[in-house]
Amino acid sequence: TPKKPSKSFEENAPIREAIAEYLRGRNGESDIVKNIAAAVGFTAPKTTAAIRQMVAVGAVERIDNGRNKPLEYRIVSE
């Protein structure tokens, strides 16, 4: 049987949609959580949780720029 999405996964659907829309508008450019959160109007922790879900399903790519640099994220081409 298919696994039922978690409560947080369902609750984060509007946040994920807003993040996807924002990142699509960046034309392949990545951004950090702080900027993404400000752009979509959600808190950084909520935005981070939603982005992690998006990374887990392959919708968003995480870019690690090395030590002491914030992680960046970009939409995966659809």
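This is a predicted model: local features need pLDDT of at least 70, side-chain atom pairs count only at pLDDT 80 or more; totals for chains, interfaces and linings use all residues.

Reader: How do the axes of α2 and α4 cross?

Author: Helix α2 (residues 13-24) and helix α4 (residues 44-56) have axes that come within 9 Å and cross at roughly 80°. That makes α2 roughly perpendicular to α4.

Reader: Which residues make the contact?

Author: From α2 you have Ile15, Arg16, Ile19 and Ala20, and from α4 Lys46, Thr47, Ala50, Ile51, Gln53 and Met54. By class, that's 6 nonpolar, 2 polar and 2 charged residues.

Reader: OK, and what does Ile19 touch, leaving aside its neighbours within four places in sequence?

Author: Ile19 is in contact with Ile36, Val40, Thr47, Ala50, Ile51 and Met54.

Reader: Switching to the core: how many residues are in the largest nonpolar one?

Author: It has 13 residues, and Ile19, Leu23, Ile36, Ile51, Val60 and Tyr73 have the most contacts inside it. Two or more residues each come from α2, α3 (33-40), α4 and β3 (72-75). The largest share, 4 residues, comes from α2.

Reader: Now the sheet. What order are the strands in?

Author: The order is β1-β3-β2, in an open sheet with antiparallel pairing. β1 (31-32) and β2 (60-63) are at the edges with a single partner strand each, so one side of each has no neighbour in the sheet.

Reader: And how many bridges join β2 and β3?

Author: They pair over 4 bridges, and Val60 stands opposite Ile75 in β3.

Reader: Where do the helices sit on that sheet?

Author: α2 packs on it, touching β1, β2 and β3, with its direction at about 85° to that of β3. α4 lies across β2 and β3, at about 105° to β2.

Definitions and conventions: Residues are numbered from 1 along each chain as its sequence is written. Side-chain values use heavy atoms; hydrogens and water are left out. Axes are lines fitted to C-alpha atoms, for helices over the stretch in contact, and angles run from 0 to 180 degrees between N-to-C directions. Angles under 35 degrees count as roughly parallel, over 145 as roughly antiparallel, 65 to 115 as roughly perpendicular and the rest as oblique. Contact means heavy atoms within 4.5 Å. Ala, Val, Leu, Ile, Met, Phe, Trp, Tyr, Cys and Pro count as nonpolar, Asp, Glu, Lys and Arg as charged, and the others, Gly among them, as polar. A nonpolar core is a set of buried Ala, Val, Leu, Ile, Met, Phe, Trp, Tyr and Cys residues joined through side-chain atoms within 4.5 Å. Buried means under 20% relative accessible area, exposed over 50%, partly exposed in between (1.4 Å probe, protein chains only). Two strands pair if DSSP finds at least two bridges between them.
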